[in-house]
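Please keep the sequence and the structure in view while reading the points below.

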Amino acid sequence: MNRHFYTLAAASILIVSNLQTAKADILLYEQAPFNNVTGFSWTSDLDNGGNGFQSFDNFELTADSMITNVRWQGFYWDSITPGNNPVVAETVTWDISFWSDSGGEPGAAIKTENFSVASINSTFLFNGNFSGDSVPVFEFEAHLSSPIQVNGGQTYWFSTLSRSVSFNPLFSWKAGFGPDDLTIQDILPSGERLVRQGDRAFALEGRVIPEPASLVLWGLGAVLMVVITRVRWRAEDWLPIKN
């Protein structure tokens, strides 16, 4: 066969196999933050001794997807000495994790990744007011080292945990507009679980996984392109030569 036939066939296969990764990341899910620091904000901070709190919020996507990037908002607060506020952030590393759902609360950990502060994109937004104190509010962004696949129509839980030298000042995960007004918070290290009011401010980015039928259509289209091109080349071989 003509070598051009093989070239086009290989290119078509490559297009189909890379269809999923070629798509640009999009916003898959978002719980937009409340204005200023209003609403219920819950601590998600752990000190070097393993003491603190970890907060979780649930989400559900409409289609099977690959999550590649996460964003969240929160603030730092000295709860012991108000005069120290606004304080400097004291996070050393971040734990980003995804959990299955078990009876309406976090079940088994599906993916946990630890990030250095340097690897997190941190943007100062404004100094808000919480409990009468001035607090610095930030937006954080983490790019996962490998995507996590989640199924559409299934409930999962997302958690972001600040690991600090000490528990004070603490990091508090800002309130956001969510569907069920529910946050789960664990007391650490005991693991005692608390049901808290309000949703958290976070967003998930990535790409939707194409349905099998869509991949088949792309594959058929690619094969058809090769066939048509091959037929055209064979027809040209039989055309009379014009001087």
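**A hairpin and its surroundings**

In the hairpin formed by β6 and β7, four residues lie between the strands, and G103 adopts a positive phi near 65 degrees. The model described here is predicted.

- Strand β6 covers residues 91-101 and strand β7 covers residues 106-116.
- The strands β6 and β7 run antiparallel and are joined by eight bridges.
- Within this pairing, S97 is positioned opposite T112 of β7.

**The chain as a whole**

- The protein chain contains three helices and 16 strands.
- Of its 243 residues, 42% are buried.
- Among contacts in the protein chain with a separation of 6 or more, 79% are between residues 24 or more positions apart.
- The protein chain has an accessible surface of about 12700 Å², and carbon and sulfur atoms contribute 58% of it.

- Strand β11 comprises residues 170-173, and both of its faces are covered.
- In a regular strand, side chains alternate between the two faces of the sheet.
- In β11, L170 and S172 lie on one side while F171 and W173 lie on the other, and all of these residues are buried.
- Which strand pairs with β11 over two bridges? The partner is strand β2, residues 42-43, and the pairing is antiparallel.
- W42 has W173 of β11 as its bridge partner.
- Strand β5, residues 65-77, also pairs with β11 in the antiparallel sense, in this case over four bridges.

**Residue S65 in strand β5**

- S65 belongs to strand β5.
- Is S65 buried or exposed? S65 counts as buried because its relative accessibility is 2%, and the cut-off for a buried residue is under 20%.
- The side chain of S65 reaches the backbone oxygen of A63 at a distance of 2.9 Å.
- Leaving aside residues up to four places away in sequence, S65 touches L28, I148, Q149, V150, R207, V208 and I209.

Key: Residues are numbered from 1 along each chain as its sequence is written. This is a predicted model: local features need pLDDT of at least 70, side-chain atom pairs count only at pLDDT 80 or more; totals for chains, interfaces and linings use all residues. Side-chain values use heavy atoms; hydrogens and water are left out. Two strands pair if DSSP finds at least two bridges between them. Buried means under 20% relative accessible area, exposed over 50%, partly exposed in between (1.4 Å probe, protein chains only). Contact means heavy atoms within 4.5 Å. Accessible areas come from the Shrake-Rupley method with a 1.4 Å probe; for residues, only the protein chains shown count as cover. A polar contact is a pair of N or O atoms within 3.5 Å; within protein, one must be able to donate a hydrogen and the other to accept it, and residues adjacent in sequence count only if both atoms are side-chain atoms.
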